[in-house]
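Please read the following report with the sequence and the structure open beside it.

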Amino acid sequence: MRDIHVSSITDAVKKLCMEANWNLEPDMLRAFDRALTTERSPAGKQVLQILKDNAEKARTRRIPYCQDTGFVVCFVELGQDVHVTGGALYDAINEGVRQGYTEGYLRASIVKSPFDRVNTGDNTPAVIHVDVVEGAALKIMIIAKGGGCENRSKYTMLTPAEGLPGVKEFIIECVKTAGPDACPPLILGVGIGGTFEKAAVNSKKALFRELGSPHADPTVDALEKELLDRANRLGIGPQGYGGDTTSFGIHIVTFPCHITSLPVAVTIECHAHRHKEATL
Amino acid sequence: MSVTTGSDGIKDIRTPLTDTDVESLKSGDRVRITGVIYTARDAAHGRLMPLMEKGERLPIDITGSIIYYTGPSPARPGDVVGSIGPTTASRMDTFTPLLLKLGLKGTIGKGYRGQAVKDALKQYKGVYFGAIGGAGAVLSAFVKKLDVVAYEDLGTEAIRRLEVEGFPAIVVNDCHGGDLYQDGVKAYAREDA
């Protein structure tokens with residue numbers, strides 16, 4: 001058994017929240033650079049250049065890349081040989097969010113109830129998913145998930161007969177309906193298989209893979225590349241002003257499913273793709 | 001005349017706007033906005049709506065004005081504002097036609113507008129500008145002064161009066177039926193998509 005005190009969890013989450021909002025990960029910066037060499041649309045190119053500058057301004061001034069500093073979605077991989085001491089794991093994570101958002105001048109965007117819509121004032125609570133894994137480490141992965149793009153996320157339950165062609169059509173349809181609303185260039189996290197909720201959770205998990213890295217399964221990798229190419233032929237472009245860079249990446253996570261089912265969940269992520277992780 | 005074209009081809013707009021100003025703007029035009037604009041998003045619109053329906057006075061003068069759909073992040077000490085980019089405009093579609101009828105001239109946001117808004121832009125001479133979504137850190141530099149003028153309890157969703165200088169935007173929907181999003185996709189879509 002390895003003891004990990006809640007204070008170190010809170011500190012880690014606080015830092016991740018601030019860093020995620022101020023500093024885009026290198027995979028995103030590389031994506032901007034790549035797109036600047038391929039984008040044909042002058043308006044699209046200009047948007048990409050401004051977004052690159054925006055990342056630089058956010059980093060140097062330590063202000064958020066986007067004013068929507070997101071809903072914190074936190075995936076925890078908890079080693080089964082870890083003993084969390086000094087309090088509750090979920091409370092420690094939420095305390096980290098509270099401190100990170102208030103001390104980091106990040107926006108409070110969460111309301112207490114979907115009905116009364118009163119702001120909680122400190123961006124808590126986070127959406128927390130915990131997986132228990134082998135070992136004695138505690139891995140924390142957070143994404144500051146923007147609301148505008150999240151609103152364009154979609155789910156469908158296809159029939160096995162609709163199969164792979166149905167999956168492809170649905171994913172492309174998601175890119176079209178998201179359009180300029182979701183701040184393209186978009187990243188799509190796709191969960192295919194499992195149950196209703198498993199597909200949805202996997203669509204979020206899919207966003208953590210490094211942009212541009214290949215999928216471990218060559219068949220799925222080919223599917224991702226085919227879909228990305230199709231998405232970028234739609235013409236939507238950066239901010240929807242027309243262009244070739246509609247999506248930076250489509251990441252798929254699959255899971256076994258029931259003989260009756262073919263669930264597909266698509267999380268739409270904007271170019272403010274703020275993800276960070278730490279291992280304690 | 002509050003719209004002039006700069007030597008770089010970008011149109012300089014000074015608020016408030018008249019019908020003639022609005023008519024001179026075409027979808028795809030790049031603009032720089034200078035003057036007073038107001039922020040309002042979901043919750044503030046929710047409070048303005050019953051006032052408009054009852055014909056009561058609004059907390060801001062919308063005649064000739066521009067509303068920017070945004071909820072800024074808090075300012076660091078010494079800064080005017082934190083990050084301040086646009087939010088998705090279509091969530092305000094239910095409120096926009098009535099605001100345009102009452103004299104609002106422009107809105108700034110990102111994303112598609114519904115047909116009712118596009119029709120109202122034609123009928124009442126209004127314009128919808130796109131600002132770059134997610135470029136909130138860059139856009140903050142164009143805000144010179146900020147005051148909360150209504151609904152302070154709404155936090156980031158309160159109505160703020162902004163003084164902006166050269167705020168960059170692009171005309172998405174004009175009052176002649178022009179639509180940048182449709183034109184853009186047409187120009188760059190490849191048929192086998």
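B:Pro16 lies in the loop between β2 (11–14) and α1 (19–23) of chain B, where helices (H or I, at least four residues) and strands (E, at least two) are DSSP runs numbered from the N terminus. A cis peptide bond with an omega of about 0° joins this proline to B:Thr15. This is a predicted model, in which local features need pLDDT of at least 70 and side-chain atom pairs count only at pLDDT 80 or more, while totals for chains, interfaces and linings use all residues. Residues are numbered from 1 along each chain as its sequence is written, and chains are lettered from A and ligands numbered from 1 in the order in which they are written.

Chain A also holds a cis peptide bond, between A:Thr124 and A:Pro125, with omega at about -5°. A:Pro125 sits in the loop between α4 and β4 (127–133) of chain A, and A:Arg117 is found in the loop between α4 and β4 as well. As background, most residues other than glycine have a negative phi, and most peptide bonds are trans. A:Arg117 is not a glycine, yet has a positive phi of about 60°; A:Gln239, in the loop between α8 (218–231) and β8 (247–255) of chain A, likewise has a positive phi, near 65°.

How do the surroundings of these residues compare? A residue is called buried if 20 or more other C-beta atoms lie within 10 Å of its own, exposed if 12 or fewer do, and partly exposed in between, with C-beta atoms placed from the backbone. A:Arg117 is partly exposed because 13 other C-beta atoms lie within 10 Å, whereas A:Gln239 counts as buried because it has 33 C-beta neighbours inside 10 Å.

Axes are lines fitted to C-alpha atoms, for helices over the stretch in contact, and angles run from 0 to 180 degrees between N-to-C directions.

| Helix pair | Axis distance | Angle |
|---|---|---|
| α2(A) (residues 26–38) and α3(A) (residues 42–61) | within 10 Å | roughly 155° |
| α1(A) (residues 6–22) and α4(A) (residues 89–103) | 7 Å | about 40° |

Angles under 35 degrees count as roughly parallel, over 145 as roughly antiparallel, 65 to 115 as roughly perpendicular and the rest as oblique. The crossing angle therefore makes α2(A) roughly antiparallel to α3(A), and α1(A) is oblique to α4(A). A crossing is left-handed if the near helix is turned anticlockwise from the far one by less than a right angle, and right-handed if clockwise; the crossing of α2(A) and α3(A) is left-handed, while that of α1(A) and α4(A) is right-handed.

Two residues are in contact if their C-beta atoms, placed from the backbone, lie within 7 Å. On the α2(A) side, A:Leu29, A:Phe32, A:Ala35 and A:Leu36 meet residues of α3(A), among them A:Leu48, A:Leu51 and A:Ala55. This contact has seven nonpolar, one polar and two charged residues, where Ala, Val, Leu, Ile, Met, Phe, Trp, Tyr, Cys and Pro count as nonpolar, Asp, Glu, Lys and Arg as charged, and the others, Gly among them, as polar.

Taken as a whole, chain A has eight helices and 10 strands. Its radius of gyration is 19 Å, close to the 19 Å that the globule rule gives for 280 residues, so chain A is as compact as a globular protein of that length; the radius is taken over C-alpha atoms, and the rule is 2.2 Å times the number of residues to the power 0.38. Of the 280 residues of chain A, 50% count as buried.

Chain B comes to six helices and eight strands. The radius of gyration of chain B is 16 Å, close to the 16 Å that the globule rule gives for 193 residues, so chain B is as compact as a globular protein of that length. Buried residues make up 50% of the 193 residues in chain B.

Which helix gives the most to the side of chain A that touches chain B? The contact takes 44 residues from chain A and 40 residues from chain B, and α3(A) gives the most to the chain A side, with eight residues. That side divides into 18 nonpolar, 15 polar and 11 charged residues. From chain B, B:Val185 in helix α6 (residues 180–188) touches A:Gly235, A:Ile236 and A:Gly242, not counting residues up to four places away in sequence. B:Val185 counts as buried, with 23 C-beta neighbours inside 10 Å.
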